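Colleague: Could you take a close look at one part of this for me, and tell me how it's put together? Start with the stretch that UniProt flags, then go wherever that leads you.

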Amino acid sequence: MKRIFSGIKPTGHLTLGNYLGAVRRWVEVDQHRADALFSVVDLHALTVEHDPARVRRLSRQAATLLLAAGLDPERCTVFVQSHVDEHARLSYLMECVATDGEMRRMIQYREKSGRAQASGQSVRLSLLTYPALMAADILAYGTDEVPVGEDQTQHVELTRDLAVRFNQRYGHVFTVPKATHPEVAARVMDLRDPTSKMGKSHENGAGIVYLLDDADAVRRKVMRAVTDSGREVVHDRAASPGVANLLDLLAAATGGDPAALAGGYASYGALKKDTAEAVVELLRPVRERHAELAADPGHVDEVLRLGAERARGMARPVVDRAYRAVGLMPAL
Ligand code: ATP
Ligand code: MG
């Protein structure tokens, strides 16, 4: 059976981008067709300035939302990254295989380090080495496929390069994984700034739909989405990114095709209205189920405890093999 791994960082509240780009597919497709692991990758949340209590809270909330969205612990493994030591153990070996140059080329490093510097913060070394940890997350499980949004393509490519390089140097240890993306909404854009990706850690939330937003907040944000000065509803990401984004959202929420849907609208207002209602209905069951689960934190804890135990059992033999392959002496 195929092995699938993917993760989500507790750097903010989960967004519609996270849901459409990743989580929904994990729920609807991936957990049914493979031996799948989904992780709240909390170590990655420490690469930027953070409040410890908030990271802890967001980790629990992210795990609860994954279950609310429909991940079934009977079918897949849901766990918190820092509960499984193998991630950090293997990350170091990945740092010994990767080069400084390839880390610096990562687009997300350039963007996020730029943002940190612009706000007067220093750039943490872990922000640079983050892709080594991400490679470890994936490779520790002999992963075949990594279902992610489009923004993660470059990191998964790097993971492949590192796996191949490691195997060539030290003998075959790692499966070489590949990224998979949803057909529609693989890159959801910020509603107020449709040339940048909707990201949960972005400060201005006006253009971000959060999974836990109530119906009125969703409507307000979608109705205030930036479009452009044109009139015609066409699906053209370059010329009309805001409108294309709305069409992508409507298509993702209703199962249609974005370009075909465009033909049915004579005004931006009507498109926004339908998109808002479709997103409200899409998120309603997730929000309702989240409220039920949040009332029973003991259940979520138990899922995460069992998940970590299972994940540890899968990762340990792979990471032990990697340690031996590079020449580290087995513990006596
Ligand atoms: P951050 O701003 O902290 O990077 P994020 O919203 O990008 O947060 P991640 O935890 O980095 O979230 O990513 C989790 C998953 O969600 C990844 O698979 C990523 O590709 C996907 N994802 C994130 N943002 C979007 C988006 N706007 N559209 C589609 N997929 C997305
Ligand atoms: Mg991200």
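Modeller: Residues 10-18 have their end C-alpha atoms 12 Å apart, and the span is 33% helix and 0% strand. Bear in mind that this is a predicted model. The label itself comes from UniProt, where an unreviewed entry lists residues 10-18 as a short sequence motif, the 'HIGH' region.

Next, the ligand. Ligand 1 is surrounded by 21 residues, and the closest are Gly-17, Gly-21, Gly-149, Gly-199 and Ser-201. Helix α1, residues 16-33, supplies the largest share of that shell, with five residues.

Now for some helix packing. Two packed helices are described by the angle between their axes and the distance between them. Take helix α2 (residues 52-69) and helix α11 (residues 268-294): their axes come within 8 Å and cross at roughly 125°. That angle is why α2 and α11 count as oblique to each other, and their crossing is right-handed. On the α2 side, Thr-64, Leu-65, Leu-67, Ala-68 and Ala-69 do the touching, and they meet Val-286, Arg-289, His-290, Leu-293 and Ala-294 of α11. Sorted by type, the residues of this contact are seven nonpolar, two polar and one charged.

α2 also packs on helix α12 (residues 297-325), this time at about 90° with the axes 10 Å apart. So α2 and α12 are roughly perpendicular to each other. Here Arg-60, Ala-63, Thr-64 and Leu-67 of α2 contact Val-300, Val-303 and Leu-304 of α12. The residues of that contact are five nonpolar, one polar and one charged.

Notes: Residues are numbered from 1 along each chain as its sequence is written. Chains are lettered from A and ligands numbered from 1 in the order in which they are written. This is a predicted model: local features need pLDDT of at least 70, side-chain atom pairs count only at pLDDT 80 or more; totals for chains, interfaces and linings use all residues. A residue is near a molecule or strand if its C-beta atom, placed from the backbone, lies within 6 Å of it. Helices (H or I, at least four residues) and strands (E, at least two) are DSSP runs, numbered from the N terminus. UniProt positions are given in the numbering used here, feature names are shortened, and annotations may be inferred rather than shown by experiment. Axes are lines fitted to C-alpha atoms, for helices over the stretch in contact, and angles run from 0 to 180 degrees between N-to-C directions. Angles under 35 degrees count as roughly parallel, over 145 as roughly antiparallel, 65 to 115 as roughly perpendicular and the rest as oblique. A crossing is left-handed if the near helix is turned anticlockwise from the far one by less than a right angle, and right-handed if clockwise. Two residues are in contact if their C-beta atoms, placed from the backbone, lie within 7 Å. Ala, Val, Leu, Ile, Met, Phe, Trp, Tyr, Cys and Pro count as nonpolar, Asp, Glu, Lys and Arg as charged, and the others, Gly among them, as polar.
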